[in-house]
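Have the structure open as you read.

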Amino acid sequence: MTASPFAAEDRPRSHHGEYKVPGGKLVVVDFDVVDGVLADVSLSGDFFLEPDESLPAINRALTGLPESTTAAELSAAVTASLPPGAVLFGFSADAVAVTVRRALAKATAWTDHHWNIIAPTVLPTHINVALDEVLTEEVGAGRRNPTLRFWDWEEPSVVIGSFQSFRNELDPDGVARHGITVVRRISGGGAMFMEAGNCITYSLYLPQTLVDGISFADSYTFLDAWVMAALEKIGVTAFYVPLNDIATDQGKIGGAAQKRLANGGMLHHVTMSYDIDADKMVEVLRIGKEKLSDKGTRSAKKRVDPLRRQTGLARTEIIAAMMEVFSERYVATSSELTAAELSAARDRVTTKFGAEDWLHRVP
């Protein structure tokens with residue numbers, strides 16, 4: 001009798017990995033490692049896959065690959081193994097690669113880490129931006145647990161992206177008239193107009209192993225799944241508009257930015273509008289027609305729909321809901337900034353973030 005192509009030896013493998021695709025299905029992989037290569041690979045999950053022979057084809061493609069194979073190479077091997085017209089629904093070749101890397105302990109899951117939360121602390125905007133660099137370095141070096149930190153500040157500010165042009169993004173008359181502090185951050189993305197109490201801003205400091213094998217685009221939704229759940233809890237159904245805008249059916253409510261460091265640390269930063277003064281914002285920022293062209297609106301004021309109007313809740317209540325959901329999901333514990341971290345941030349302001357050459361690195 002011919003054996004089924006799906007038949008596998010009924011025994012536990014030495015390596016087991018799982019990955020729940022954001023908005024998709026669970027992917028599971030089991031295999032051994034023999035002489036440095038993957039052996040007896042068995043892929044499973046609650047995904048959909050057509051035709052049937054695609055599953056054993058994927059298993060064969062992964063079997064025999066070195067355990068050092070990169071996520072991109074694993075994904076390419078899966079893609080190359082698929083018969084013409086194959087359909088992967090609820091998962092992808094990249095998702096398989098993430099699962100294999102997790103089984104090899106080269107990629108990590110949220111639950112593999114001890115997470116900390118730092119509650120909002122009023123600090124100068126320059127210090128907030130400098131802390132993003134300092135704390136990302138600390139997590140990458142293993143000196144701090146992966147951490148979620150909520151910002152707070154008092155002075156009206158604009159934080160521009162690492163690659164934005166100072167003169168193209170800011171109206172100097174508006175900046176002077178409204179006493180705006182302008183700071184450049186290390187992550188890309190667009191300018192953030194921030195007055196005290198008008199935004200909800202948080203930074204995630206994490207090891208890049210958490211997003212190993214996940215594309216840059218998908219990493220945004222992956223890292224913010226918890227905040228979407230928190231918004232849902234307070235009655236706001238939010239979603240990502242590629243690449244990095246967070247929106248509801250009533251308009252944009254925020255945006256995200258990221259920076260990956262050479263030491264393995266990663267910054268994921270989000271600012272959401274709570275009660276923004278749109279009139280003042282357009283006096284301070286130059287928001288051109290080209291930027292609005294793919295947003296379906298002619299006015300920058302209409303692009304941003306604040307959370308205060310959508311929820312009727314105080315800013316502190318929304319932040320508390322976010323902290324609660326994050327803590328419940330990832331068993332996070334409270335933490336505080338250390339004296340050494342604050343001292344390092346102050347030094348970084350002197351040497352970098354408060355210096356004119358950094359602020360005007362792109363004139």
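In this predicted model, Asp32 is part of strand β2, which covers residues 26-34. Is Asp32 buried or exposed? Its relative accessibility is 12%, and buried means under 20%, so Asp32 counts as buried.

Which residues are in contact with Asp32, if we leave aside its neighbours within four places in sequence? They are Arg11, Arg13, Ser14, His15, Val37, Leu38, Ala39 and Asp40. Take a closer look at Ser14: its backbone nitrogen lies 2.8 Å from a polar atom of the Asp32 side chain.

Now for the aromatic rings. How many aromatic pairs does the structure hold? There are 15. One of them joins Phe353 and Trp358 in an edge-to-face arrangement, with 5.7 Å from centre to centre and 80 degrees between the planes. Those two values are given because a pair of aromatic rings is described by the distance of the centres and the angle of the planes. Both Phe353 and Trp358 are buried.

Ring pairs also build a cluster, linking Tyr19, Trp110, Trp115, Phe150, Tyr202, Phe222, Trp226, Phe326 and Tyr330.

The table lists two cases in which the charged end of a side chain sits over a ring.

| Charged residue | Ring | Distance from ring centre |
|---|---|---|
| Arg260 | Phe216 | 3.9 Å |
| Lys352 | Trp358 | 4.4 Å |

Note on methods. Residues are numbered from 1 along each chain as its sequence is written. This is a predicted model: local features need pLDDT of at least 70, side-chain atom pairs count only at pLDDT 80 or more; totals for chains, interfaces and linings use all residues. Side-chain values use heavy atoms; hydrogens and water are left out. Rings of Phe, Tyr and Trp (its six-membered ring) pair if their centres lie within 6.5 Å; planes under 30 degrees apart count as stacked, over 60 as edge-to-face and the rest as tilted. Buried means under 20% relative accessible area, exposed over 50%, partly exposed in between (1.4 Å probe, protein chains only). A charge sits over a ring if NZ of Lys or CZ of Arg is within 6 Å of the ring centre and within 35 degrees of the ring normal. Helices (H or I, at least four residues) and strands (E, at least two) are DSSP runs, numbered from the N terminus. A polar contact is a pair of N or O atoms within 3.5 Å; within protein, one must be able to donate a hydrogen and the other to accept it, and residues adjacent in sequence count only if both atoms are side-chain atoms. Contact means heavy atoms within 4.5 Å.
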